[in-house]
Amino acid sequence: MDWTAWFDANDYEVARQVLQRGVAALAVVAFVSTLNQFRPLLGEHGLLPVPALLRRANAPGARLRGPTIFRWGYTDRGLVAVAVSGVVLAASLVIGLPQAGPPWLPLAVFLALWVLYLSIVNVGQTFYGFGWEMLLCEALFTVAFLGSDQVPPPLTIVVAVWWLVFRLEFGAGMIKIRGGREWRDLTALMYHHETQPMPGPLSRQAHLLPPWFHRGEVLGNHFAQLVVPFLLFVPGPVGSAAAAVVILTQLWLIVTGNFAWLNWITVVLAASAITDPVWHWLIPAIPADLGADASGSPLWWMIVVLAVSALIVVLSWWPLRNLFAHRQLMNASFNRWMLVNAYGAFGTVTKRRIEIVVAGTLDEIPDDDAAWREYAFKGKPGDVRALPRQWAPYHLRLDWLMWFLPLGRMWEPWFGVFIERLLAADAPTLALLAHDPFDGEAPRWIRVHAYHYRFATRAEHRATGDRWVRTLEGAVVPPLARRD
């Protein structure tokens, strides 16, 4: 059956290994993050309880964001079972156990992970409203059809991954070029390193680089997102070089920021365009013919893969149309299964960093003379002397949503509940923070202030040791007691 030889992408065995193990490793991170944070944020007694969401979804004319195994009931114990199952299944793929069996085995494991994580995202509300959540769902589904070590990687699925990277990168590039003027006048990255949601340990150094460097960053970004993605579809050295450009760009973002697993999964997916000979040239220990021992794909497997490939082609119409639409949607899914989505981020760049600072006091009179103690978050800037930590690919959902509050979303329902839980010294809520200044004791009062934060210059840092300079903008929430 020589007419089927085109189906086997024999030069992409290393790419398959990177895709399967890399996506599975990031799924481990995602399920661990869920295990640690879901219950205080969304559990039975969370800030936005899933049981309340399910009750609203049962109202006439209402429905959930998409399918979920929690549709028929949610318990914290069930959530733990789902998250632990996800960790175990994903870890088995990282070490390659299912891949050693027939092609249907890793397929079944990846699809199980897709169903489990999709179930979480679809009840996760605003805490799971990030683009990289749907990206992980789509990646889990797509790489499921790469098969096992017994068959060569299917070419149509490898191309489907390239199409995913194209939508991810080109979509982001189009969002930017159509967005704020700062992307067109090349000034966007003079602000971004300082105002991004969660700076990393090297973000300040990146921000303090000269303006000419930042303009070069923007030009490089436009090239990597608007030109390079087209080259991914050219097999061989050209596609491999295009993948290298995407990977290097993402590594710079990893070094200078904390975007959960967005940049990490982009690196993994982009590696799909690097051929085995190029991997062998880069790392001679990798055989140039790594997948030579795999037998040809059986007919039943080809039928399954081609059927899914046809589904991906059909579903591609909506994101393709969106890429060239006058009002391009960002991080949008066109179906309830989060397959073949539209991506993009940071169409505009925030020019000033406003931080929401929550403080409490044990004093009876909550005036300016009271001893106010600030709550410290794990990733969100607070202490002006603290060096920001590297958290990515781990995702701190509460910290990210705190960044959105001053951007017109100050009165999110969950934030009022958050303040209430702090007044009650709720232990699960306090566990989401880096430091409880009251060591478990309930404060009498809570207040919320807004501060303008900027990175300290080199001279300011030498003089004071501070990494941030902050200025009070004003009170956001006046002192509240629990009775309020």
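Start with the crossing of α5 and α6, which is left-handed (the near helix is turned anticlockwise from the far one by less than a right angle). You're in a predicted model, where local features need pLDDT of at least 70, side-chain atom pairs count only at pLDDT 80 or more, and totals for chains, interfaces and linings use all residues. Residues are numbered from 1 along each chain as its sequence is written, and side-chain values use heavy atoms, with hydrogens and water left out.

Select 131-143 for α5 and 155-177 for α6: their axes come within 10 Å and cross at roughly 165° (lines fitted to C-alpha atoms over the stretch in contact, angles from 0 to 180 degrees between N-to-C directions). Helices here are DSSP runs of H or I, at least four residues. So the two are roughly antiparallel, meaning an angle over 145 degrees.

Now show side chains. L135, E138, A139 and T142 of α5 meet I157, A160, V161, L164, R167 and L168 of α6, with contact meaning heavy atoms within 4.5 Å.

Next, grab α3, residues 76-94. At 1.5 Å a residue its 19 residues should span 27 Å, and the end C-alpha atoms are 27 Å apart, so that agrees (the expected span is 1.5 Å times one less than the number of residues). Buried residues here (under 20% relative accessible area, 1.4 Å probe, protein chains only) include L79, V82, A83 and L93. Their cover includes α1 (13-42) and α4 (104-121). Just after α3, click G96: its phi is positive, about 90°.

Last stop: α10, where H214, E217 and V218 are among the buried residues. What covers the buried set includes α6 and α12 (237-256).

Definitions and conventions. Angles under 35 degrees count as roughly parallel, over 145 as roughly antiparallel, 65 to 115 as roughly perpendicular and the rest as oblique. Buried means under 20% relative accessible area, exposed over 50%, partly exposed in between (1.4 Å probe, protein chains only).
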